[in-house]
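Hi everyone, thanks for making the time today.

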Amino acid sequence: MKVDNIYKEEKKSAFAKLSEIIITMASRPSGLIGLSILVFHIILAFISPYIAPHDFKAIDPTLMLQAPSAEYWFGTDDLGRDVFTRTILGGRTALTITFFGSLIALLWGGLLGIFCGLVGGKIDDVVMRIVDAFLSIPWILAMLLIVSLLGTSTEVLIPALGFFYGKGIVRVARAATHDVIAKDFIVSARARGHSNFSIIWNEIIPNVRDAILVEGAMRWSWMLLGFSSLSFLGFGVSPPTPDWGLMISNARGLMSFAYWAVIAPIVGLSSLIIGINLTADAFAKALGIDRSTKAPV
Amino acid sequence: MLFLIIKRILLGFITLFIVSIITFVGTEVLPGDACTTYLERQAFGEQLEACYRRLGLNVPAYERYVSWALNAIQGDFGYSLSGEMPIKDVLGPRIKNSLVLASAAIFIGIPIALILGIITALWRDKLPDVAISTVTIFAMTIPEFISATLLILIIAIWLEWLPGIVIVPTDVSFLELLPNIILPVVAIAMIMTAHMARMVRSSVIQVMASEYVQMAILKGVPYWKMVFKHVLPNALLPAINVVALTIAWLLGGVVVTEVVFNYPGLGRLVIESISNRDLPTVQALAIILASIYVSINLLADLLTLMLNPRLKTLQIRK
């Protein structure tokens, strides 16, 4: 009974833990900058449809390539569309697709990795060989194949990105599981006759959760990079969806006359990627996980 | 030792085998096959039959896979659809062009990364470290197509120092080609250098904190002698593997950079062949790119094994 009480006193609510992590993250300048950029982008993504001054797909030939003015803050593009409106809406597209993509990647990658780490043996060998094979196909070729296979709608892009970026999480989850699996509490759970499912849920997940979450946060920024590269190459979301990669590739040919149409989406995309990266870094440090020696695979 | 090397090479081949199956199945389920794409409106009856026979699409898929794989091992990837040229003739000059770009970036990038990584580690948390680390974070997080576009906008359009896209044929003399490839090489080298510099930094920091380095300091070994004799050899060894992974990962970045600069390398071929549904070329590209990835990793593993006497007796990590 006494042991139980001590345990309960040390246990904090999830909310308290979360706010503690956020405070630790914000206590470093890089973490604070990253968090503020990310929060700014998320808020903007929620409110952008209500504050957008113009219609994002309104084409007006008389307003082609206007320089920034009081009416059109960031100027207009080659079809006379307002660049400011399209830039603030672009974050919505990128954040939605990559956020849900990362969730899918975390779920299947994490669970498969934990499962492989726990059961080991032949199944583990076969799955890891296949994951290695997928890792050795350059991401751009694999993504292009998937997208040309299934089309470029949002319903395809989210699971495709989620599937593709999850394979790296499998490795991390498996390695983290290997670290805890030899510990006494797992052995004793086995001895008590708990099922594999119960061991995964009650013993392993609480112990590998941090490592997997950090990996997922990092994947998020790479997925954003991959997604916008796809859009840039013309294999991502289709026009007239306001999307940064697409805007940059459209405006690129005319940037000697109209640099504003290319600068605005560049600032948007770069700041979001840097924001996510700094946040993920600070998150890893707050949880005491060192990622700096890992290769970007 | 020999057994480990053989095992490592075998694992590499198994990986390539699985890659070949994945791409074969992947291209097999693409909607529309080579013949319907190639013949477009005339894709029926006699002509379609003739095309299937010519490309050998009338036999079952597994038979096609076996014959394709047997030929591919000998370097024969069949014919591309659009140009009706043997794929190996299409690939040859493209591989050469990409190799020029990638090796220039690697030769510039690795020394700079080493120097920056060592400086930031030795002056950890001081001004040089903070300044360089901030720059590397920017350089490694910004996508290649953005840094490439900004380079074109600033250097080629505003300052007019260098041409913004590669317009000369790539078989001109090196001196004529050089100004054309400076910007793409810088774009690729920048992100790669940033990644490697960060890894070298953390590797050096780890070794600096180890007990034998502390011991050397206590013994009164001169600082720079300690750095070059005790720290660097041990710090750079584990970095080899990570550098190899980074180079392999950047194959994707090379693709994007080539498209931005209109450079006729492997990367643009990837985009062109996928847009044209040129499936035989896509398969060949997947195998070639995967082989590059696998062999870079293999090379790094073997190099680590050879340079590190301790690993000779240990189990190599998969």
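Let's start with the largest nonpolar core, which has 150 residues, and in which A:Leu141 and B:Ile188 touch the most other members. Please keep in mind throughout that this is a predicted model. Which residues does B:Ile188 contact, once its neighbours within four places in sequence are left aside? They are B:Leu101, B:Ala105, B:Leu250, B:Gly253, B:Val254 and B:Thr257.

On the chain A side, let me pick out A:Ala142, which sits in helix 6, residues 139-150 of chain A. Is A:Ala142 buried or exposed? There are 25 C-beta neighbours inside 10 Å of A:Ala142, so this residue counts as buried. If we skip residues up to four places away in sequence, A:Ala142 touches A:Ile137 and A:Phe164. A:Phe164 is 22 residues from A:Ala142 along the chain, and the C-alpha atoms of the two are separated by 8.1 Å.

For contrast, look at A:Gly234. You'll find A:Gly234 in the loop between helix 9 and helix 10 of chain A, with helix 10 covering 244-252. A:Gly234 has 16 C-beta neighbours inside 10 Å and therefore counts as partly exposed. Now find A:Gly110, 124 residues from A:Gly234 along the chain; their C-alpha atoms are 31 Å apart.

Let's step back to the whole of chain A. Chain A has 11 helices and zero strands, so if you read from the N terminus on, you simply meet α again and again. The C-alpha trace of chain A spans about 75 × 45 × 30 Å along its principal axes. Of the 297 residues in chain A, 45% are buried. And if we take contacts in chain A between residues at least 6 apart in sequence, 74% of them join residues at least 24 apart.

How do the helices of chain A pack? In general, two packed helices are described by the angle between their axes and the distance between the axes. Take helix 9, residues 196-233, and helix 11, residues 260-286, both of chain A: their axes come within 8 Å and cross at roughly 165°. Helix 9 and helix 11 of chain A are therefore roughly antiparallel to each other, and their crossing is left-handed. Helix 9 of chain A brings residues including A:Val214, A:Trp220 and A:Leu224 to this contact, and helix 11 of chain A brings residues including A:Leu269, A:Ile276 and A:Phe283. By class, the contact of helix 9 with helix 11 of chain A has 13 nonpolar, four polar and no charged residues.

A second pair in chain A is helix 4, residues 83-119, with helix 7, residues 154-181. The axes of helix 4 and helix 7 of chain A come within 5 Å and cross at roughly 35°, and this crossing is right-handed. The residues in the contact of helix 4 with helix 7 of chain A divide into 20 nonpolar, 11 polar and three charged.

Now over to chain B. Chain B has 13 helices and zero strands. Buried residues make up 37% of its 318 residues. For contacts in chain B between residues at least 6 apart in sequence, 70% join residues at least 24 apart.

One helix pair to look at here is helix 12 and helix 13 of chain B, whose axes come within 9 Å and cross at roughly 145°. Helix 12 of chain B passes helix 13 of chain B in a left-handed crossing. The contact is made by B:Leu266, B:Leu269, B:Val270, B:Ser273 and B:Ile274 of helix 12 of chain B, together with B:Thr281, B:Val282 and B:Leu285 of helix 13 of chain B. Sorted by class, that contact of helix 12 with helix 13 of chain B has six nonpolar, two polar and no charged residues.

Last stop: where the two chains meet. How many residues of chain B are in contact with chain A? The count is 41 residues of chain B, in contact with 37 residues of chain A. Several helices of chain B each supply at least two residues of the side that touches chain A, among them helix 1 (2-28), helix 8 (174-208) and helix 13 (279-307). By class, the side of chain B that touches chain A has 31 nonpolar, nine polar and one charged residues.

That's my tour, and I'm happy to take questions.

Terms used
Residues are numbered from 1 along each chain as its sequence is written. Chains are lettered from A and ligands numbered from 1 in the order in which they are written. This is a predicted model: local features need pLDDT of at least 70, side-chain atom pairs count only at pLDDT 80 or more; totals for chains, interfaces and linings use all residues. Helices (H or I, at least four residues) and strands (E, at least two) are DSSP runs, numbered from the N terminus. A residue is buried if 20 or more other C-beta atoms lie within 10 Å of its own, exposed if 12 or fewer, and partly exposed in between; C-beta atoms are placed from the backbone. Two residues are in contact if their C-beta atoms, placed from the backbone, lie within 7 Å. Axes are lines fitted to C-alpha atoms, for helices over the stretch in contact, and angles run from 0 to 180 degrees between N-to-C directions. Angles under 35 degrees count as roughly parallel, over 145 as roughly antiparallel, 65 to 115 as roughly perpendicular and the rest as oblique. A crossing is left-handed if the near helix is turned anticlockwise from the far one by less than a right angle, and right-handed if clockwise. Ala, Val, Leu, Ile, Met, Phe, Trp, Tyr, Cys and Pro count as nonpolar, Asp, Glu, Lys and Arg as charged, and the others, Gly among them, as polar. A nonpolar core is a set of buried Ala, Val, Leu, Ile, Met, Phe, Trp, Tyr and Cys residues joined through C-beta atoms within 7 Å.
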